[in-house]
Amino acid sequence: MTEQKQPESGVPGAKYLGVGIMLVGSTGLFLWLGSLLDARWGSEPALTVAGAFVGAAAGFYNLYRQLVSDTRRAANEKETGRKQ
């Protein structure tokens with residue numbers, strides 16, 4: 001009996017679209033939290049800028065992690081000859 005390949009479901013770039021939305025969302029969320037804290041403590045714009053950088057760093061980390069994972073998975077599939 002031979003193994004049948006399962007077709008991939010969904011749009012091919014949807015995973016990366018989700019990562020992009022996560023990047024924008026995390027930057028926006030931390031930017032908003034920084035502005036709230038700035039308004040509360042009167043330290044404008046220090047925490048707003050810091051929040052934007054923290055959010056962007058978190059989003060880029062998630063993007064990097066996803067790309068490394070996909071690269072390793074593709075290399076493993078190429079080496080073994082089957083999809084995971």
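Visitor: Let me start with alanine 57: is it buried, partly exposed or exposed?

Guide: Alanine 57 is partly exposed, because its relative accessible area is 47%, and the cut-offs are under 20% for buried and over 50% for exposed. Keep in mind that this is a predicted model.

Visitor: Thanks. Where does alanine 57 lie?

Guide: Alanine 57 belongs to helix H2.

Visitor: And how far apart are alanine 57 and leucine 23 in space?

Guide: Their C-alpha atoms are 8.7 Å apart, although the two residues are 34 residues apart in sequence.

Visitor: Let's look at the helices themselves. What span should H2 have, and what does the model give?

Guide: At 1.5 Å a residue, the 35 residues of H2 should span 51 Å. The C-alpha atoms at its ends are 51 Å apart, so the model agrees with that expectation.

Visitor: Same check for H1: what comes out?

Guide: H1 has 28 residues, which should span 40 Å at 1.5 Å a residue. Its end C-alpha atoms are 40 Å apart, so expectation and model agree here.

Visitor: Which residues of H2 are buried?

Guide: In H2 the buried ones are Gly51, Gly55, Gly59, Asn62, Asp70 and Glu77. They pack against H1.

Visitor: And which ones are buried in H1?

Guide: For H1, Val19, Ser26, Gly34 and Asp38 are buried. H2 is included in what covers them.

Visitor: What is serine 26 in contact with, leaving aside its neighbours within four places in sequence?

Guide: With those neighbours left aside, serine 26 is in contact with Gly55, Ala58 and Gly59. Gly55 and Gly59 are among the buried residues of H2.

Visitor: Nice. Switching to charges: how many salt bridges does the structure hold?

Guide: There are two salt bridges. Lysine 15 pairs with aspartate 70, with 3.3 Å between the closest N and O atoms. That pair links distant parts of the chain, as lysine 15 sits in helix H1 and aspartate 70 in helix H2, 55 residues apart.

Visitor: Why would such side chains pair?

Guide: Side chains of opposite charge can pair when their charged atoms come close.

Visitor: Which residue forms the other salt bridge with aspartate 70?

Guide: Arginine 73 does, and the closest N and O atoms are 3.0 Å apart. Both aspartate 70 and arginine 73 lie in helix H2, three residues apart, which is about one turn of the helix.

Visitor: How accessible is leucine 29?

Guide: Leucine 29 has a relative accessible area of 44%, so it is partly exposed. It is found in helix H1.

Visitor: One more topic, the backbone. Which peptide bond is cis?

Guide: The bond from glutamate 44 to proline 45 is cis, with omega near -10°. Proline 45 sits in the loop between H1 and H2.

Visitor: What about phi for the glycine just after H1?

Guide: Glycine 42 takes a positive phi there, about 65°. H2 is followed by glycine 81, and its phi is positive too, near 80°.

How values were computed. Residues numbered from 1 in each chain as written. Predicted model: local features only at pLDDT ≥ 70, side-chain atom pairs only at ≥ 80, totals over all residues. Heavy atoms only, no water. Helix = DSSP H or I, 4+ residues; strand = E, 2+ residues; numbered from the N terminus. Buried < 20%, exposed > 50% of the residue type's maximum accessible area, 1.4 Å probe, protein only. Salt bridge = Lys/Arg side-chain N within 4 Å of Asp/Glu carboxyl O. Contact = heavy atoms within 4.5 Å. Expected span 1.5 Å × (residues − 1).
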